[in-house]
Amino acid sequence: MLVLLSCSLFSNAQNFTASVNTANVSTTNNFQLNFTLNASGKNFTPPDFSAFHIRSGPSQSSQTSIVNGKYSKALIISYVLQPKKQGNFQIGSASIVSGEKTLLSKPITINVSKSAAQTDKNLFVRAIVNKTNVYQGEDLVVTFRLYHKINVSRILDMRAPALSGFWSEQIELNRQSQVGTEVYKGVKYNTYDIMKMVLFPQRNGNLEIDPFEAEFLANIPVNNQRRNDPFNIFLRNTQEVQLSSKTSAIRINVKPLPANAPKTFNGAVGRFSFDVNCSPLQIETNDAVNLNLKIKGKGNLTLIESPKVNLPSNLESYEPKVSNRVSKTAGGVSGTKSFEYIIIPRVPGKHIIDPITFTYFDLTKKSYVTLNSRPYTIDVSGEADAISQSGGVNKADVELLNDDIRFIKTGNILLTKANTKFVASPVFYLLMALPILFFGLVFGFKKKVDEYFADSTLNRSRKANKVAHKRLVAARKSLAANETDAVYENILKAIWGYLSDKFNIPVAELTKEHAAETLQKQEVDEYTIIDLKNTIAECEMGRYSPAYTPDSLTNIYDKAANLITSIEEKLN
């Protein structure tokens with residue numbers, strides 16, 4: 001039974017309360033906080049949660065009831081929180097606007113005790129990396145491993161590190177590869193690989209892999225009280241206890257890539273091959289040509305973007321279809337990434353597609369390598385598309401010309417001198433100035449338009465919402481295929497890509513805190529900012545936790561799509 005500690009503010013039958021399911025928790029326990037309004041409301045502002053981890057929320061729900069024929073409705077905003085440290089902490093007042101009034105909840109005090117979990121020298125976790133000195137974009141593998149000499153029943157909870165500055169790819173583990181034995185500091189332990197990831201540093205400098213924390217339910221031997229019992233040697237008494245352990249932080253030295261990068265370099269690091277295929281090369285107008293770009297090898301494949309394709313202006317092209325066929329193992333990420341373009345020729349003739357260039361940084365050679373495709377000539381036959389045809393005289397033009405032609409008059413023609421003095425009149429000068437003024441305005445307008453469309457930063461910002469929702473299409477396809485890891489990965493790409501495009505911030509420099517600070521400067525409300533941070537956290541945790549179900553995947557996808565739309569609306 002939940003004990004609700006509630007404080008209410010009454011004003012004209014409007015009741016806004018704050019309640020928790022328990023006010024006494026340990027540092028390893030979560031508790032639920034509800035804000036309830038018995039009316040409709042808007043502009044909810046949460047209190048300061050700096051003393052707590054937000055494990056989920058804010059989630060919004062409504063509740064209706066009919067008691068003795070009387071109808072009532074309540075709005076509930078919920079959080080799941082976890083204390084950061086021991087002590088007494090006050091959750092301050094939240095506010096909400098209902099009607100024309102701003103209502104405040106009363107503060108609630110939370111008493112936080114030390115974790116009930118114990119530590120034991122026979123059980124601990126370690127973070128193991130295969131290298132600590134890498135280039136920006138180079139892969140490294142981190143393993144979070146449990147060492148134990150006592151029986152472990154199950155993992156109760158685990159808190160993955162934030163991995164700020166890294167892009168991560170989780171390695172799927174099977175039971176056979178997870179379990180083993182290892183001699184550590186001269187002592188033999190049973191081992192269990194809890195989690196293994198490939199990390200790609202997105203900026204240079206000293207980065208840290210934050211501590212990984214976990215709690216376990218274990219059976220430890222206890223002393224038998226019947227010391228003089230001759231049968232004591234046959235008794236093996238154990239006690240089930242809750243144990244916790246935390247890894248140490250690991251510092252990674254990330255070297256910057258050489259400064260002489262070619263203009264065609266877009267961040268690919270590893271070792272790759274590059275293949276381009278274009279077919280058919282003989283085609284009718286308005287039929288489709290397939291242009292396939294395939295990058296194969298080992299490195300940061302999932303982060304590689306399509307090499308630039310320069311097409312003649314009379315060839316139409318669409319956004320490429322991107323396909324990933326990669327394997328994530330302890331050796332890193334390897335496989336193939338393909339970009340398939342559909343090209344439509346509208347005009348007959350020979351159209352040349354220039355060589356396509358792909359540049360990557362080779363970790364073996366420690367230098368940039370540039371690969372080029374051959375040029376392709378597309379021979380297009382048939383008739384030009386009506387829209388693409390240039391001007392010419394058509395039947396309507398001929399008929400109009402016939403109406404405009406007048407016969408030359410013959411015979412005596414009476415001519416008279418006009419009495420008006422048009423030359424040098426004010427109207428004359430005005431008409432003379434109008435063309436100059438008109439062309440000046442046109443030139444100025446065209447210059448502004450050219451500057452507007454030439455500004456790539458403004459273009460990215462303007463198209464950020466559209467591009468983000470295209471990225472979410474990939475997440476929706478993964479959702480339909482029940483590809484859990486791909487769903488979270490594509491949602492994160494959509495969110496981080498949107499923020500990067502919208503505010504012209506490199507993805508490598510984006511963190512939840514940086515994003516929140518940027519949105520605050522744009523006067524985006526706190527509710528939306530918290531929703532953003534929680535959605536990112538849910539995706540990051542979802543990639544590592546097997547507890548998530550397809551239903552929760554759908555909820556997170558919907559939340560991400562609505563979140564991007566909401567931020568876009570608030571910024572416009």
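The questions and answers below go through a few parts of this model.

Modeller: This is a predicted model, in which local features need pLDDT of at least 70 and side-chain atom pairs count only at pLDDT 80 or more, while totals for chains, interfaces and linings use all residues. Residues are numbered from 1 along each chain as its sequence is written, and side-chain values use heavy atoms, with hydrogens and water left out.

Biologist: How wide an arc around the axis do the buried residues of α6 cover?

Modeller: Helices (H or I, at least four residues) and strands (E, at least two) are DSSP runs, numbered from the N terminus. In helix α6, residues 512-521, the residues K512, A515, A516, T518 and L519 are buried; buried means under 20% relative accessible area, exposed over 50%, and partly exposed in between (1.4 Å probe, protein chains only). They lie on the same side of α6, because the arc, taken from the directions from the helix axis to the C-beta atoms, is only 165°.

Biologist: Why is strand β20 described as largely enclosed by the rest of the structure?

Modeller: Strand β20 covers residues 213-221. It pairs with β15 (residues 151-159) in the antiparallel sense over 7 bridges; two strands pair if DSSP finds at least two bridges between them. Strand β20 is largely enclosed because the buried residues number 7 of the 9.

Biologist: Which residue of β20 is the bridge partner of R154?

Modeller: Strands of a sheet pair through backbone hydrogen bonds, either parallel or antiparallel. For β15 and β20 the sense is antiparallel. In β20, the bridge partner of R154 is L217.

Biologist: What is the relative accessible area of L441?

Modeller: L441 has its place in helix α3, residues 426-454. L441 is exposed, because its relative accessible area is 58%.
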